[in-house]
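The chain is shown first, and the description follows.

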Amino acid sequence: MPSPELAPLVEQLRAHPLLAQIATVPMPLAEARKGFDDFKEMFPTPPDVKVKTFDANGVPCELITAPGATTHHVVLFFHGGGFVIGSAHSHRELCSRLSRASGASVLFVEYRRGPEHPFPAALEDCVTAYRWVMDTFKHDANRIAFAGDSAGGGLTVSTMLRARSLGLPPPACGVCFSAWMDLPLTGKDPVHPDVLITRHGLREMARMYLGGADGTDPFASPLYATLENLAGLPPLYLQVGSAEVLLDDSHRFAERARKAGVDVKLDEWPHLFHVFQLYPILPECTEAIAKVADFLKQNFNP
């Protein structure tokens, strides 16, 4: 059964004009970006969390560290927003909870967004940030994890694939919240409608991000990676809601990755919508982050 907090939150989101605007692309992009960034007002970052900015070889990043967390382990976080919206403002609070629960610092990657910087700019920035973490903190890859939501969930896997093609070692593990693995959107619709995003909106975001590139390129849509390319990826943990457009992405990708021999854990949350982990008022959100923290601790090199 869903928590009693879920229904009031859904009604609040449905009535929110800026969130509704984000869901119904095309829209004024500047307004949509502001609407998503306003999450910092709805869910502010706790004052005890330290935030330090870095230039990671040209990629702006924030190191987010909750009390008790250290840089001995670092989670690279790739944000969602259809590759065209989203920033540290929209996701800093989520990253602070991830740091607090896991005891690791979170490096938020402000990758370049479309349409100003189309594919593969975001992917290149994520790989650059990965190199920078290994060099700056003198970490081997077993002390680094990737995580991301929606578009960032897809980037979590595509960055692993791209890094390996460049001869870089894989991170210890990866976490994907409501991952967008298939930009052409060929998956089945969920039984329950998504309250936040639509196929129409996602198609427009994919168009702006791809800039004419092939959406089935595995570096854009990891679902299309061959089994040979998926083989050897580190353990992956996928969380997805049963009431979201991208539900089928997680299930199809998990099936392919398992066929390739990848250790994949997939949790589907009944009645939950797209990236419910952004909403700390939900008990399901607290439980989900705790499970992610356990997964990270199990896979980080001691």
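A residue is called buried when its relative accessible area is under 20%, and exposed when that area is over 50%. The model discussed here is predicted. S150 has 6% relative accessibility and therefore counts as buried. S150 is situated in the loop between strand 5 (144-149) and helix 7, and its phi is near 55°, a positive value in a residue other than glycine.

In soluble globular proteins, nonpolar side chains tend to be buried together. In this model the largest nonpolar core contains 110 residues, and L76, W180, F273 and Y279 have the most contacts inside it. Helix 6 (residues 121-136) supplies the largest share of this core, with nine residues.

**Helix 7 and M160**

M160 belongs to helix 7 (residues 151-165). Is M160 buried or exposed? M160 counts as buried, because its relative accessibility is 3%. Apart from neighbours within four places in sequence, M160 is in contact with F146, P171, C173, G174, L233, P234 and L236. M160 and L76 are 84 residues apart along the chain, and their C-alpha atoms are separated by 12 Å.

**Backbone geometry in the loops**

The loop between strand 4 (104-109) and helix 6 holds P115 and also P120.

| Peptide bond | Form | Omega |
|---|---|---|
| G114 to P115 | cis | near 0° |
| F119 to P120 | cis | near 10° |

A positive phi in a residue other than glycine is found at L185, where the value is near 60°. L185 lies in the loop between strand 6 (173-177) and helix 8 (199-210). With 7% relative accessibility, L185 counts as buried.

**Helix 10**

Helix 10 (residues 247-259) has 13 residues, so at 1.5 Å a residue it should span 18 Å; its end C-alpha atoms are 19 Å apart, which agrees. Which residues of helix 10 are buried? They are L247, D248, D249, S250, R252, F253, A254 and A257. An α-helix has 3.6 residues a turn, so residues three or four places apart point the same way. The buried residues of helix 10 pack against helix 7, helix 9 (227-230), strand 7 (236-241) and strand 8 (264-269). Just after helix 10, G261 adopts a positive phi of about 90°.

**Cysteines**

A disulfide is a covalent bond between the sulfur atoms of two cysteines. With a cut-off of 2.5 Å between cysteine sulfur atoms, the model has zero disulfides. C95 is in no disulfide, and the nearest cysteine sulfur, that of C61, is 11 Å away. C95 counts as buried, because its relative accessibility is 0%.

Terms used. Residues numbered from 1 in each chain as written. Predicted model: local features only at pLDDT ≥ 70, side-chain atom pairs only at ≥ 80, totals over all residues. Heavy atoms only, no water. Core = buried A, V, L, I, M, F, W, Y, C linked by side-chain atoms within 4.5 Å. Buried < 20%, exposed > 50% of the residue type's maximum accessible area, 1.4 Å probe, protein only. Helix = DSSP H or I, 4+ residues; strand = E, 2+ residues; numbered from the N terminus. Contact = heavy atoms within 4.5 Å. Expected span 1.5 Å × (residues − 1).
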